Amino acid sequence: MNTSAGDVSRGQAAYRRSAGSPRGEARRRELLDRVTDDLAVNGLVDFSLRRAARAAGTTHKVLLYHFDGADDLLRQAIIKLRERRIGNALAATTREPGRQTLGAWVRTVWPVLMRAESGLRVLDQAIGLAMYDPDRYGWLGREASRQYLPMLVSICPAGWPEQRKIEVAEMVLATLRGFLVEWATSGDTAGIAAGLEALARALEREETAAE
């Protein structure tokens, strides 16, 4: 990956240089959608401002008007990918009337998370980068947790204490991440399916014990 210098975890606030204009903000969202689509298909390898410009059908100077460099654009695109992923997961679990158990949620959402169009490839690479160079890319893991945990907390039984919801959400997130890494590195689908079923049963026991 070829990004500009600097760690995006510093939290640049300058990316919305055209935020005062509704038209400019709409243009920024359009460009971000196109770059996000490219990232989902082609991954993080060799990501650069010029590649992003080609994917967006514009110039790198236009992207620099709307975003604060390649790192900021990459950060926004990964956040967008995760938003899509979360949206797809929630949509898959709201098709049935009534509240699903946590075990049923896991069984339903896993195939959705594994779809290629969910950006699985780039998010796998993001985990690898976060572990390889935590000083520069640790934000990839930290921001993932900040995005995913509220969703996981929201699917816990409403009557649970907040601390219990957080504990279970952390367990589910860590376990699903582990399955994704296992799938990417070993391809052991049978083993992952068995582990997923064990997770679902554990969550069902957790709900039963709390009643």
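In this predicted model, the charged end of R164 sits over the ring of W160, at 5.0 Å from the ring centre (a charge counts as over a ring if NZ of Lys or CZ of Arg is within 6 Å of the ring centre and within 35 degrees of the ring normal). Residues are numbered from 1 along each chain as its sequence is written. Because the model is predicted, local features need pLDDT of at least 70 and side-chain atom pairs count only at pLDDT 80 or more, while totals for chains, interfaces and linings use all residues, and side-chain values use heavy atoms, with hydrogens and water left out.

The ring centres of W110 and F179 are 6.0 Å apart and their planes stand at 85 degrees, so the pair is edge-to-face (ring centres within 6.5 Å, planes over 60 degrees apart). Since W110 belongs to helix α5 (residues 102-113) and F179 to helix α9, the pair ties together parts that are 69 residues apart in sequence. W110 counts as buried at 11% relative accessibility, and F179 counts as buried at 13% (buried means under 20% relative accessible area, with a 1.4 Å probe and protein chains only).

Helix α9 (residues 162-186) also meets helix α6 (residues 120-132), their axes coming within 11 Å and crossing at roughly 100 degrees. That makes α6 roughly perpendicular to α9 (65 to 115 degrees). The contact (heavy atoms within 4.5 Å) is made by L120, D124 and I127 of α6 together with L180, V181, W183 and A184 of α9.

Methods. Axes are lines fitted to C-alpha atoms, for helices over the stretch in contact, and angles run from 0 to 180 degrees between N-to-C directions. Helices (H or I, at least four residues) and strands (E, at least two) are DSSP runs, numbered from the N terminus. Angles under 35 degrees count as roughly parallel, over 145 as roughly antiparallel, 65 to 115 as roughly perpendicular and the rest as oblique. Rings of Phe, Tyr and Trp (its six-membered ring) pair if their centres lie within 6.5 Å; planes under 30 degrees apart count as stacked, over 60 as edge-to-face and the rest as tilted. Buried means under 20% relative accessible area, exposed over 50%, partly exposed in between (1.4 Å probe, protein chains only).
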